[in-house]
Amino acid sequence: SVQARLDDRIVGGSFSNSAVYLWAISLKKAQEGQLLFNTTWTPPSDWAAGQVSLTWQATSDQSEEGILVLSVKETRQNCAFSVETGKYLWTTDPRDALDFYTMGTAGTSARAINQIYDGKFYTGSYAGILYCYDATSGELLWSYTANNPYAAGANWGNWPLYPCFIAGGMIYIRH
C-alpha cells in the first residue's frame, strides 16, 4: 500500500500485478475529508501472467502537476500516476538489467534513491546510471553513467549511484 501527505491532500492506495487503486482526501480548509478521487487502473495483462513485483518509489511534494511513481521490478520500468486525478500517466522504457536489484526497494529507502523535483523524476540504479525523466510525459531527458575504471568485469563496470537530494540547482548523488 501507499500513502503520502501532500500540500492539500492525502493520497493513498494499494497495488498488485492485476490492479492499481488510488484515492485522495482533501486537506483544504472547509473541504477536509472530502473524497477527491477514487480510481482503478488495470495494468497490462503480461503483469499478471508474469507475476511482477510492484513497489512504491516516489511521490511529489505538491499535488499540482504531481506524480506518484511505482516500479515494476521484473521489467525494470517505472509507472506514474497523477496525484491530482489518480489517473495513469506513463511507463518508462525498460532500464539496464542490473537495475532489477534496486527496483524492489520500497518505503523510506526508496525515497533515498528516487527524487521528484521541478517537474522531473530522478532515479538511480545499481547499474550505475542516473536517469532524469520528464514528470509529465515520462520522456527520458538525460542519463549519466558513473564508470568505474577499477572494475574487474564487464558486468560490474559502473559505480551504483542514487540521488540523495536536490538543492541549489544541483542533484547530489551517492554510490
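In which sense do strand 2 and strand 3 pair, and over how many bridges? Strand 2, residues 9–15, pairs with strand 3 in the antiparallel sense, over seven bridges. Two strands count as paired if DSSP finds at least two bridges between them.

Before going on, some ground rules. This is a predicted model, in which local features need pLDDT of at least 70 and side-chain atom pairs count only at pLDDT 80 or more, while totals for chains, interfaces and linings use all residues. Residues are numbered from 1 along each chain as its sequence is written, and side-chain values use heavy atoms, with hydrogens and water left out.

Now the overall picture. The chain has two helices and 14 strands. Both kinds of element are DSSP runs numbered from the N terminus: helices are H or I with at least four residues, and strands are E with at least two. Of the 175 residues, 43% count as buried. Buried means under 20% relative accessible area, exposed means over 50%, and partly exposed is in between, with a 1.4 Å probe and protein chains only. The chain exposes about 9100 Å², and carbon and sulfur atoms supply 49% of that area. Those areas come from the Shrake-Rupley method with a 1.4 Å probe; for residues, only the protein chains shown count as cover. Among contacts between residues at least 6 apart in sequence, 40% join residues at least 24 apart. A contact here means heavy atoms within 4.5 Å.

Back to strand 3, residues 20–26. On one side, strand 2 and strand 3 form a hairpin with four residues between them, and Gly 13 has Leu 22 as its bridge partner. Strand 3 also runs antiparallel to strand 4, residues 35–41, and six bridges join the two. There, Ala 24 is partnered with Phe 37.

Strand 11, residues 129–134, and strand 12, residues 140–145, pair in the antiparallel sense over five bridges. Tyr 131 and Ser 143 are bridge partners in this pair. Five residues lie between the two strands, and Gly 138 in the turn has a positive phi of about 80 degrees.

What surrounds Gly 128, leaving aside its neighbours within four places in sequence? It is in contact with Tyr 144, Thr 145, Ala 146, Asn 158, Trp 159, Pro 160 and Leu 161. Gly 128 sits in the loop between strand 10, residues 120–123, and strand 11. Its relative accessible area is 0%, so Gly 128 is buried. Leu 98 is 30 residues away in sequence, with 8.8 Å between the two C-alpha atoms. Leu 98 belongs to the loop between strand 8, residues 88–91, and helix 2, residues 108–113. Leu 98 counts as buried because its relative accessibility is 18%.

Asp 134 is in strand 11. With 22% relative accessibility, Asp 134 counts as partly exposed. Not counting residues up to four places away in sequence, Asp 134 touches Trp 90, Gly 119, Glu 139 and Leu 141. The C-alpha atoms of Asp 134 and Gly 119 are separated by 6.3 Å, and the two residues are 15 apart along the chain.

Gly 119 brings us to the second largest pocket, where it is one of the lining residues, alongside others including Ser 60, Glu 64, Tyr 117, Asp 118, Lys 120 and Ala 135. A pocket is an open set of points on a 1 Å grid over the protein atoms alone, where a 1.4 Å probe fits, with protein on both sides within 12 Å along at least five of seven lines; lining residues have an atom within 4 Å of a point. About 170 Å³ of space lies in this second largest pocket.

Last, some backbone angles. Most residues other than glycine have a negative phi. Asp 118, not a glycine, has a positive phi of about 50 degrees. Asp 118 lies in the loop between strand 9, residues 114–117, and strand 10, and its relative accessible area of 59% makes it exposed. Arg 76 also has a positive phi, near 55 degrees, and is in the loop between strand 6, residues 67–72, and strand 7, residues 77–82.

How values were computed: Points joined across faces, edges and corners; volume = space filled by probe spheres on them.
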